[in-house]
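Trainee: I would like to go through the labels on this model and ask what backs each one.
Mentor: Good. Bring it up and start asking.

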Amino acid sequence: MSSTPPPGWYRDPSYPLVERWWDGTAWTDHRRQPETPQEPLVGPRPAGRGPGRAKVIALTATGAVLVAAVVTGVMVLARDADGSGSGAEAKTTAGPSATTTPSASATSPTASASASEPSADDPSVVEDELNGITLPLPDGWVRAENVAEDDVVMTTSGTYDCPGDPGLCRHGQVLSRTATASDASPEALARGDIADAMDTAFDRDGLGSRPFGGVTSHREVKAGTVAVGGRAGYFVRWRVTTAKGPGGYVQSLAFPSSAGSEAPVLVRFAFDAGADGPPLTDMDKITKGIRPIGDPATGGGVGSSIGASR
């Protein structure tokens, strides 16, 4: 009998002077300054006292708390309607791209959420609205659903039993996030991110498990400049050897966004090696197919006006 609010920017319940992204089921960690100021709530003014900035902040905070309460009530009613309003929530042990059942509260400040959204114009791409880009979905790939790590935009279809610690793994995943070091070059960002990308995908996951028994070695197989959505970017690719299973490949790609403040974007790739893993050419296809939202003609890729990799 009730429905959740649609995805969008809303006043942050914990800090109402900024807006926070609601993905339709949970609050994400993405925040921004409001694009259009909202009128402060107006109440009776005591005689002899001005409204004061503190009053406006307090009234705005009260309104944000009421909005958060409404969202929480809607989520509670929705869970009660499908019989999942109480009790322990099951979670599978995560591999590098392990699945987990949705369990975060709608108002949880640490609720993880995928950055991917279906494109309204093209079902063959996934949209990262926060970073202003779309990414193509190659054959065998699907939009991310029920994954343990934040910002995952796509995964290979299906799961398998992880060869190390118990859990369900996927053969490939791609995530997109805003880089925190906004003044660093794309090369510095990519090289600074690749080790963490390897550890997260193949060594120890966010739950402390080792789905592949840990990383035993790695080596760089490719790196260089690349055009991404008409912007100069940089990528680094490593071959990873693990204690169990065939190991895999990780790649960190960094480039400036064409949207908003042009903040740098990091796109991580994690592919299983071996016959069951996705082809490495999918990394190049996805990179070449990244576009600014609303500009499908602006492409990129190694060798497309920026320079070739080594």
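Mentor: Keep in mind that this is a predicted model. Start with a buried pair: R20 and D12 are both buried.

Trainee: What makes R20 and D12 a salt bridge?
Mentor: Their closest N and O atoms are 3.5 Å apart. The cut-off is within 4 Å, so the pair counts.

Trainee: Why is the contact of R32 with E19 called a salt bridge?
Mentor: Its N to O distance is 2.9 Å. The limit is 4 Å, so the label holds. The pair links distant parts of the chain, 13 residues apart. R32 is in strand 3, residues 27-32, and E19 is in strand 2, residues 19-22.

Trainee: Is E19 buried or exposed, and how do you know?
Mentor: Buried. The relative accessible area of E19 is 7%, and buried means under 20%.

Trainee: And why is R32 called partly exposed?
Mentor: R32 has a relative accessible area of 24%. Buried needs under 20% and exposed needs over 50%, so 24% falls in between.

Trainee: What makes R177 and D151 a salt bridge?
Mentor: The side chains meet at 3.3 Å, N to O. That is within 4 Å, so the pair qualifies.

Trainee: Which parts does the R177 and D151 pair tie together?
Mentor: R177 lies in strand 11, residues 172-178. D151 lies in the loop between strand 7 and strand 8. These parts are 26 residues apart in sequence.

Trainee: How many salt bridges does the whole structure hold?
Mentor: The search finds 10.

Trainee: How many disulfides does the search find?
Mentor: One. It joins C162 to C169.

Trainee: How do you know that C162 and C169 form a disulfide?
Mentor: S to S is 1.9 Å. The cut-off is within 2.5 Å, so the pair passes.

Trainee: What is the handedness of the disulfide, and why?
Mentor: The torsion about the S-S bond is about 105 degrees, so the disulfide is right-handed.

Trainee: Why are C162 and C169 called buried?
Mentor: C162 has a relative accessible area of 9%. C169 has 0%. Both values are under 20%, so both cysteines are buried.

Technical notes
Residues numbered from 1 in each chain as written. Predicted model: local features only at pLDDT ≥ 70, side-chain atom pairs only at ≥ 80, totals over all residues. Heavy atoms only, no water. Buried < 20%, exposed > 50% of the residue type's maximum accessible area, 1.4 Å probe, protein only. Helix = DSSP H or I, 4+ residues; strand = E, 2+ residues; numbered from the N terminus.
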